[in-house]
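Hello,

Here is the structure I promised to pass on. Please have a look, then read the notes below.

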Amino acid sequence: QVQLIESGGGLVQAGGSLRLSCAASGRTFSRNAMGWFRQAPGQERQFVAAITWSVTYYVDSVKGRFTISRDNAKNTVYLQMNSLKPEDTALYYCAAYMGSSWNGPPDYWGQGIQVTVSS
């Protein structure tokens, strides 16, 4: 059974940093696309970032501030978030795909982790 376990969320002041981690178990995702989504209260879940074998993708609002990376030996993907803004406050979800492309809905989801940025 595939599980994606997020960690590293919390409360931070505007301008601060957090690093989210997503540890996968149940199968190896080293050749699969993985990503991060977020959902703020009253809003739809939105794409934040994704990583394939060697390419990264970001929503415009986080470019230059967030960095997605992966450690295939640990079957883990990270989201380094710098210069955080109150509008980054959301429940962040890790996602994994069966294939190498991140197009379309993910095949697996984490349970979500809260990130709150105070002004």
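**Two loop residues and the overall fold**

Ser83 sits in the loop between E8 and strand E9 (90–96). Please keep in mind that this is a predicted model. Ser83 is not a glycine, yet its phi is positive, at about 50°. Most residues other than glycine have a negative phi.

Asn75 lies in the loop between strand E7 (66–71) and strand E8 (76–81). Its phi is positive too, at about 55°, although Asn75 is not a glycine. Asn75 counts as buried because its relative accessibility is 12%, and the cut-off for buried is under 20%.

Now the whole chain. The protein chain has 11 strands and zero helices. How does its radius of gyration fit a compact globule? For 119 residues, such a globule would have a value near 14 Å; the chain has 13 Å, so the two agree. Along the principal axes, the C-alpha atoms fill a box of roughly 40 × 25 × 25 Å.

Of the 119 residues, 44% count as buried. Take the contacts between residues at least 6 apart in sequence: 57% of these join residues at least 24 apart.

Last, the surface and the charges. The protein chain exposes about 6100 Å², and carbon and sulfur atoms supply 48% of that. There are 10 positive and 7 negative charges, and their mean positions are 7 Å apart.

Best wishes

Terms used: Residues are numbered from 1 along each chain as its sequence is written. This is a predicted model: local features need pLDDT of at least 70, side-chain atom pairs count only at pLDDT 80 or more; totals for chains, interfaces and linings use all residues. Side-chain values use heavy atoms; hydrogens and water are left out. Helices (H or I, at least four residues) and strands (E, at least two) are DSSP runs, numbered from the N terminus. The radius of gyration is taken over C-alpha atoms; the globule rule is 2.2 Å times the number of residues to the power 0.38. Buried means under 20% relative accessible area, exposed over 50%, partly exposed in between (1.4 Å probe, protein chains only). Contact means heavy atoms within 4.5 Å. Accessible areas come from the Shrake-Rupley method with a 1.4 Å probe; for residues, only the protein chains shown count as cover. Lys and Arg count as positive and Asp and Glu as negative; His and the chain ends are not counted. The place of a charge is taken as NZ of Lys, CZ of Arg, CG of Asp or CD of Glu.
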